[in-house]
Amino acid sequence: MFVSSIQGRLVLPMIGPYGATKWALEALAETLAIETGHFGIKVSIVQPGVVSSGGAERATCS
């Protein structure tokens, strides 16, 4: 099971590198599912909902 985010499907401005990692993760998971499917191995991608961590409010610009 892989944990991704909506950024794996829709990239937002200012966090492009994060979005790029999620696109890559989803491509890897989809390829792995194709390659291992005939062995009966299932691959899942989980995209959790919105979580408020408060990180953006604590960030400072230096």
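**Reading a predicted model, one feature at a time**

Student: Is T36 buried or exposed?

Tutor: With a relative accessible area of 15%, T36 is buried. The general idea is a cut-off: a residue counts as buried under 20%. Do keep in mind that we are looking at a predicted model.

Student: Where does T36 lie, and which residues does T36 touch?

Tutor: T36 is part of helix α1. Leaving aside residues up to four places away in sequence, its contacts are I41 and V43.

Student: How many helices and strands does the protein chain have?

Tutor: The protein chain has 2 helices and 2 strands. Reading from the N terminus, their order is β-α-β-α. The radius of gyration is 15 Å, well over the 11 Å that the globule rule gives for 62 residues, so the protein chain is more spread out than a compact globule.

Student: What does the C-alpha trace span along its principal axes?

Tutor: About 50 × 20 × 15 Å.

Student: What share of the contacts with a separation of 6 or more comes from residues 24 or more positions apart?

Tutor: That share is 36% in the protein chain.

Student: Now the loop between β1 and α1, please. Where are β1 and α1, and which residue lies between them?

Tutor: β1 covers 2–3 and α1 covers 16–36, and S4 is one of the residues in the loop between them. S4 is buried, at a relative accessible area of 4%.

Student: Which residues does S4 touch?

Tutor: Not counting residues up to four places away in sequence, S4 touches K22, L25, E26, I45, V46, Q47 and P48. With E26 there is also a polar contact: the two side chains are joined at 2.6 Å.

Student: And M14, is that residue buried or exposed?

Tutor: M14 has 81% relative accessibility, so M14 counts as exposed. M14 also sits in the loop between β1 and α1. Look at its backbone too: phi is positive, about 80°, although M14 is not a glycine.

Terms used: Residues are numbered from 1 along each chain as its sequence is written. This is a predicted model: local features need pLDDT of at least 70, side-chain atom pairs count only at pLDDT 80 or more; totals for chains, interfaces and linings use all residues. Side-chain values use heavy atoms; hydrogens and water are left out. Helices (H or I, at least four residues) and strands (E, at least two) are DSSP runs, numbered from the N terminus. The radius of gyration is taken over C-alpha atoms; the globule rule is 2.2 Å times the number of residues to the power 0.38. Contact means heavy atoms within 4.5 Å. Buried means under 20% relative accessible area, exposed over 50%, partly exposed in between (1.4 Å probe, protein chains only). A polar contact is a pair of N or O atoms within 3.5 Å; within protein, one must be able to donate a hydrogen and the other to accept it, and residues adjacent in sequence count only if both atoms are side-chain atoms.
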